[in-house]
Amino acid sequence: MRITSAQLYNNLLAGVQQQMDIQAKGDAKITSGTRYQTPAEAALDYRTSLDIRHAQRGVDGGLEALAIAESRLSVSQNHLMTMNNVFSRAQSLAIQQSSAQVSATERQAAISEITHLTTALLNSANQQWQGQSLFSGAAVDKVAFISNPFNAGTAVYAAGTNTSITNVTQTANPAAVNDAYTITLDAAGTNITSITNGASVNLLAAPVTLAAGANSVTLSNSVQLSVTYSGTPVADPAAGTITVSGAIQDGSVTYNGSSQDRVVNIDPALQVVSNARGDDPAFTAAFQAIVDFKAALLANDTTAISASIASLNSAGNGMIDLTADIGARLDALSITKTTYEEMKAHFAIRLNTHEGVDLAAVVTEMKLSEVSLQATYSQISRLSSLSLINFLR
């Protein structure tokens, strides 16, 4: 009889443990919101959950990469718009200054303003995003553009068959022109009839009569030459060539970045270029147009100022096109971002459907377990109240 009672007691305790396990699992399901917490509970379902979560991490990574690309392009677009504003003002200034009636005071004020505009343009082009240069391509640790000081360059004279020209040197190169000039005399060898550049354009407004010694000759591109004449005419028009190299215009801008783009990997099959690169022709034309306009103002050259209107307009249009291209890329990113957000929502719903616990069923199971548990406790209580006489019977 004792053995039977002991067995009954042990069975009741096992029943208690079983109901306690049901209660614990029910609490865990309600707390976590999932049907299972370990692979042992549902191996195949657990593996499916891992696959869904892996896909979710890929989508989350794609959204993070898209946010980086979107942020970088948005900041780039903002600075390009600032540059567009600089060009709008420079264009208006060029139209105002093209008049022959502009006073010296007005001209000086325009020079001062274009200096500030040039600085503003360079500052915008050298902006950073999160400590990285925006427009320098992959070379994010470098400033995108460098403003150059004036350098007249070097000039090398190669004599022709007319030995009356003994030497030619460069005395001034205010626009810092690099070119090769061919010097031609008349049949008598006493006048320079033309000095043509590499494009075969004559840069002399009129023939120059030579005197013995050094003769100053100014070309239409503002380069000044000193032509040394022996004083003895030689009847041969081929006087030689002079090559100017290494000249750098004051305030001209050089791209200092990389020829490689900033690329963001959205996923293994999708890459996005997230920058506008400073070696784009739009930047080159923009800086050159501003520098040429300033040079024309400094030279008080109304003709050159008028010519600057067209170059500034063209360069401004190039910057607008570049800004529009960034806008188009941002639109494309927005579409891709929407797709990824929909994928994220899809996986969240799928995971919830796959793992989600049926709360009503769990609560019902726990209620039934509580009833069984109370009944078991009652049985244990009655069993414990048996006296020694009960065992002796």
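I count two strands as paired if DSSP finds at least two bridges between them. Helices (H or I, at least four residues) and strands (E, at least two) are DSSP runs, numbered from the N terminus.

**Entry 1: ground rules**

I am working on a predicted model, where local features need pLDDT of at least 70, side-chain atom pairs count only at pLDDT 80 or more, and totals for chains, interfaces and linings use all residues. Residues are numbered from 1 along each chain as its sequence is written, and side-chain values use heavy atoms, with hydrogens and water left out.

**Entry 2: whole protein**

I looked up the secondary structure and found seven helices and 14 strands. Of the 393 residues, 36% are buried; buried is under 20% relative accessible area, exposed is over 50%, and partly exposed is in between (1.4 Å probe, protein chains only). I then took contacts, meaning heavy atoms within 4.5 Å. Among contacts with a separation of 6 or more, 71% join residues 24 or more positions apart.

**Entry 3: the three-stranded sheet**

I followed an open sheet of three strands in the order E5-E10-E9, with antiparallel pairing. Strand E5 (165-172) and strand E9 (213-218) are the edges, each pairing on one side only. From one strand to the next the twist averages 25°; the axes are lines fitted to C-alpha atoms, and angles run from 0 to 180 degrees between N-to-C directions.

E5 and strand E10 (residues 224-229) pair in the antiparallel sense over six bridges. In this pair I find Ala172 opposite Gln224. E9 and E10 are also antiparallel, over six bridges, and here Gly213 stands opposite Tyr229.

I checked the turn next. E9 and E10 form a hairpin with five residues between them. Ser222, in the loop between these strands, has a positive phi of about 80° although it is not a glycine. Is Ser222 buried or partly exposed? Ser222 is partly exposed, because its relative accessible area is 34%.

**Entry 4: helix H4**

The 18 residues should span 26 Å, and the end C-alpha atoms are 26 Å apart, so the two agree.

At the N-terminal end, Asp280 caps the helix: a side-chain oxygen lies 2.8 Å from the backbone nitrogen of Ala282. I take a polar contact as a pair of N or O atoms within 3.5 Å; within protein, one must be able to donate a hydrogen and the other to accept it, and residues adjacent in sequence count only if both atoms are side-chain atoms.

The buried residues of H4 include Phe283, Phe287, Ile290, Val291, Phe293 and Leu297. Asn300 follows H4 and lies in the loop between H4 and helix H5 (302-355). Asn300 is not a glycine, yet has a positive phi of about 55°.

**Entry 5: Ser274**

I looked at the loop between strand E14 (270-273) and H4, where Ser274 lies. Ser274 counts as buried because its relative accessibility is 0%. What does Ser274 touch, not counting residues up to four places away in sequence? Ser274 touches Ala69, Arg72, Leu73, Arg262, Val264 and Arg329. I also noted Ser74, which is 200 residues from Ser274 in sequence but 9.6 Å away in space, C-alpha to C-alpha.

Methods:
The expected span of a helix is 1.5 Å times one less than its number of residues.
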